[in-house]
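Subject: Handover of a structure

Dear colleague,

Please find below the structure that I am passing on to you.

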Amino acid sequence: MQILLHQKRWTSRAVVSLQHRVGSARVGWKCHSWVTGDGQNLVTEDVTVVEGDVATISCRVKNSDDSVIQLLNPNRQTIYFRDFRPLKDSRFQLVNFSNSELRVSLTNVSISDEGRYFCQLYTDPPQEIYTTITVLVPPRNLVIDIQKEIAVEGEEIELNCTAMASRPATTIRWFKGNKELTGKSEVEQWSDMYTVTSQLLLKVGREDDGVPVICLVDHPAVKDLQTQRYLEVMYKPQVRVSQNYPVQGLTREGEPLELTCAAFGKPQPTDMRWLRVDDEMPQHVVVSGSNLLISNLNKTDNGTYRCEASNAVGKSHADYMLFVYDSRAGEEGAIRSVDHAVVGGVVAVVVFAMLCLLIILGRYFARHKGTYFTHEAKGADDAADADTAIINAEGGQNNSEEKKEYFI
């Protein structure tokens, strides 16, 4: 009883200090502190905790003078006075007690535990500071609803993802495979809880069949919370015609032709047929399931052959254009190719021979011209001046002629 009376009297004295402090106190993940004139410092921090987890409240004193510390709940009831717990709520447990700290844990936190908790220090004047416990509640459930379980290629379908009973409200993100999409969200509040529904409109194609659509939640109380639905899309067949024989080359008279039709769709095509466009199918054409065979081609077989396939969604086709060549068309083409190669080789040899001849003639004429200039200067090499060189040159020629006449 003495403790309670002392507490009540202390509280009445601290009201002015508390009201003065409320305006400047900061909440969130901030540190709260109170400094007195004698140097003592009362410190605490706000606490954010997920529902069901453990919250730890710490009241610390710097420069302690052994003053008494106590912790009060939002209803101003004493949780701990020094290391004694007057409150009967056993979820509160003493973690540490000393002259400089009172640390208390609160297990299995619920929304009702949210609020301000007060640290009090018995000094003169007394000190009081509060810490705020914020309780986060993850979504209770995450569900995707799809407008149509089975869609048809080209349709626009609606998907809704709902995250129920969370605190604060969740943010919903959409993905198709690895690609993020944009949805439209609505928030409903029920008491202290929020329910968020996001709508996604999606036009589907055949490439979306079997692709997962993912609804992912961004919320501070939970990580990697997501759910997904796989799209099921029906589409009409995709048809392809391939030539089995001849594997390569021309389709010539007298030779066989074999075609194969392949069709893929969802559901798988149940009806497949061959026809000739704008004409009747020749009598000698054999159709067996997806195969078409002409054992002996002739020019009357020319035309367009079509393979059609259909399923519950629709019908598609692929065409093959047949042109029958003469039986020797390929051989004549090969002979012409050989002739062209031979002619090209002969021309190359002739050009090379002409180039060699031009080089030889050029070198010959260059050597002959050099010899002529040498003889023309002969006789003038030993002259003392230009006039003597000319006379010597003429004399040389006359002497040469005299010598020729002498021998004759």
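The notes that follow take the disulfides, a sheet, the salt bridges and a surface patch in turn.

Please bear in mind throughout that this is a predicted model.

Disulfides

A search of the whole structure finds three disulfides. When the bonded cysteines of the chain are numbered in sequence order, they pair as 1-2, 3-4, 5-6.

One of the links is formed by Cys59 and Cys119, whose sulfur atoms lie 1.8 Å apart. This link of Cys59 and Cys119 is left-handed, with -70 degrees about the S-S bond.

Cys161 and Cys215 form another disulfide, with their sulfur atoms 1.8 Å apart. The torsion about the S-S bond of Cys161 and Cys215 is about -80 degrees, so this disulfide is left-handed. Here strand E13 (residues 156-166) supplies Cys161 and strand E18 supplies Cys215, so parts that are 54 residues apart in sequence are tied together. Cys161 counts as buried because its relative accessibility is 0%, and Cys215 is likewise buried, with a relative accessible area of 0%.

Cys261 and Cys307 also form a disulfide, and their sulfur atoms are 1.9 Å apart. The link of Cys261 and Cys307 has -85 degrees about the S-S bond and is left-handed. The pair connects distant parts of the chain, with Cys261 in strand E21 (residues 257-266) and Cys307 in strand E25 (residues 303-310), 46 residues apart. Cys261 and Cys307 are both buried.

As for Cys356, this residue counts as partly exposed, at 31% relative accessibility.

The sheet that contains E18

Strand E18, which holds Cys215, is part of an open sheet of four strands in the order E15-E14-E18-E19, with antiparallel pairing. At the edges are strand E15 (179-181) and E19, each of which pairs on one side only. From one strand to the next, the twist averages 30 degrees.

On one side, strand E14 (residues 171-176) is joined to E18 by six bridges, and the two run antiparallel. Within this pairing, Phe175 has Ile214 in E18 as its bridge partner. E18 (residues 212-219) also pairs with E19 (residues 222-230) over seven bridges, again in the antiparallel sense. Val213 has Arg229 in E19 as its bridge partner. A hairpin through two residues joins E18 to E19.

Salt bridges

The search of the whole structure finds 20 salt bridges, and a few of them are described here.

Strand E25, the strand of Cys307, takes part in two of those described. Glu308 forms a salt bridge with Arg273, the closest N and O atoms being 3.2 Å apart. This pair links distant parts of the chain, Glu308 being in strand E25 and Arg273 in strand E22 (residues 271-276), 35 residues apart. Glu308 is buried, with a relative accessible area of 12%, whereas Arg273 is partly exposed, with 43%.

The side chains of Asp319 and Arg306 also meet in a salt bridge, at 2.7 Å from N to O. Asp319 lies in strand E26 (residues 315-322) and Arg306 in strand E25, so parts that are 13 residues apart in sequence are tied together. Asp319 is partly exposed, with a relative accessible area of 39%.

Glu101 is buried, with a relative accessible area of 10%, while Arg103 is partly exposed, with 29%.

A nonpolar surface patch

A nonpolar patch on the surface is formed by Val343, Val347, Val351, Leu355 and Leu358, which together have about 460 Å² of accessible area. Of these residues, Leu358 is found in helix H2 (residues 329-376). Leu358 counts as exposed because its relative accessibility is 58%, and the cut-off for exposed is over 50%.

With kind regards

Note on methods. Residues numbered from 1 in each chain as written. Predicted model: local features only at pLDDT ≥ 70, side-chain atom pairs only at ≥ 80, totals over all residues. Heavy atoms only, no water. Pairing = 2+ DSSP bridges. Axes fitted to C-alpha atoms, helices over the stretch in contact; angles between N-to-C directions. Disulfide = S-S within 2.5 Å. Buried < 20%, exposed > 50% of the residue type's maximum accessible area, 1.4 Å probe, protein only. Patch = residues over 30% accessible without salt bridge, like charges linked within 9 Å, V, L, I, M, F, W, Y side chains within 5 Å. Areas by Shrake-Rupley, 256 points an atom, 1.4 Å probe, with all protein chains shown as cover. Salt bridge = Lys/Arg side-chain N within 4 Å of Asp/Glu carboxyl O.
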